[in-house]
Amino acid sequence: MSEPTEPFLVRPKMVALGETHVTIEWSDGHRSVFSNRGLRESCPCALCQGEMNPLGGSRSLPMLPDVRAGIRASEYRMIGLYAIAFAWSDGHSTGIYPYDYLLARCECDACMAERPESLLEPRG
């Protein structure tokens, strides 16, 4: 009988904040690229995405202002072993981006080619 193995969890090895993109190198060798604007617009926090009504009914509306073209991630911090939080040049910093959320939104050429056309948004 073999010993149970721990599941392989992909984790960031390196995060680079650039003028126009965030690049993440993962422990499985994948290199994710995200446009700063796209990553900021997909912030998963309740302020940006809206919040569930605890009493049922509809969600509260998101408060996301238009994200300007020159937006940039100014810093990041690791959240446990599951997410990254970014601080943005517009002052926003409440979004926590889980690793699986980031991997599902990777904008590298290989990931974009595998994504169904219905899920693709124009890159700017």
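I note here that the model is predicted.

**Entry: the partner of aspartate 90**

I then looked for what aspartate 90 pairs with. Arginine 40 forms a salt bridge with aspartate 90, and their closest N and O atoms are 3.0 Å apart. I located both ends: arginine 40 is in helix 1, while aspartate 90 is in the loop between strand 5 and strand 6 (96-98). The two residues are 50 apart, so I wrote the pair down as a link between distant parts of the chain. Arginine 40 has a relative accessible area of 3% and is therefore buried.

**Entry: other salt bridges**

I counted salt bridges and found 4 in the structure. One of them joins arginine 72 to glutamate 19, with 3.3 Å between the closest N and O atoms. Arginine 72 sits in the loop between helix 2 and strand 4 (73-79), and glutamate 19 in the loop between strand 1 and strand 2, so this pair ties together parts 53 residues apart in sequence. Arginine 72 has 27% relative accessibility and so counts as partly exposed, whereas glutamate 19, at 58%, counts as exposed.

Another salt bridge runs from arginine 37 to glutamate 41, where the closest N and O atoms are 3.4 Å apart. Both residues lie in helix 1, 4 residues apart, which is about one turn of the helix. Arginine 37 is partly exposed at 38% relative accessibility, and glutamate 41 is partly exposed at 37%.

**Entry: serine 42**

I moved on to serine 42, which is in the loop between helix 1 (36-41) and helix 2 (46-49). Serine 42 counts as buried because its relative accessibility is 17%, and the cut-off for buried is under 20%. Setting aside neighbours within four places in sequence, I listed its contacts as Gln49, Tyr97, Tyr101 and Arg105.

I followed the contact to tyrosine 97. Not counting residues up to four places away in sequence, tyrosine 97 touches a list of residues including Leu39, Arg40, Ser42, Phe86 and Leu102. Arginine 40 is the residue I had already noted in the salt bridge with aspartate 90.

Tyr97 also turned up in the largest nonpolar core, which has 22 residues. Those with the most contacts inside this core are Ile24, Leu39, Phe86, Tyr97 and Leu102. Strand 2 (21-26), strand 5 (83-88) and helix 3 (99-104) are the elements that give two or more residues to the core.

I looked at an open sheet of 3 strands, which has the order 1-2-3 and antiparallel pairing. Strand 1 (12-17) and strand 3 (31-35) are its edge strands, since each pairs on one side only. On average, neighbouring strands here are turned by 15 degrees against each other, direction ignored. Strand 1 and strand 2 run antiparallel and are joined by 5 bridges. I looked up alanine 16 and found its bridge partner in strand 2, threonine 23.

**Entry: the whole protein**

I ended with totals. The protein has 4 helices and 6 strands, and its elements run β-β-β-α-α-β-β-β-α-α from the N terminus on. Of its 124 residues, 31% are buried. The accessible surface comes to about 8,300 Å², and 54% of that belongs to carbon and sulfur atoms.

Note on methods:
Residues numbered from 1 in each chain as written. Predicted model: local features only at pLDDT ≥ 70, side-chain atom pairs only at ≥ 80, totals over all residues. Heavy atoms only, no water. Buried < 20%, exposed > 50% of the residue type's maximum accessible area, 1.4 Å probe, protein only. Contact = heavy atoms within 4.5 Å. Core = buried A, V, L, I, M, F, W, Y, C linked by side-chain atoms within 4.5 Å. Areas by Shrake-Rupley, 256 points an atom, 1.4 Å probe, with all protein chains shown as cover. Pairing = 2+ DSSP bridges. Axes fitted to C-alpha atoms, helices over the stretch in contact; angles between N-to-C directions. Salt bridge = Lys/Arg side-chain N within 4 Å of Asp/Glu carboxyl O.
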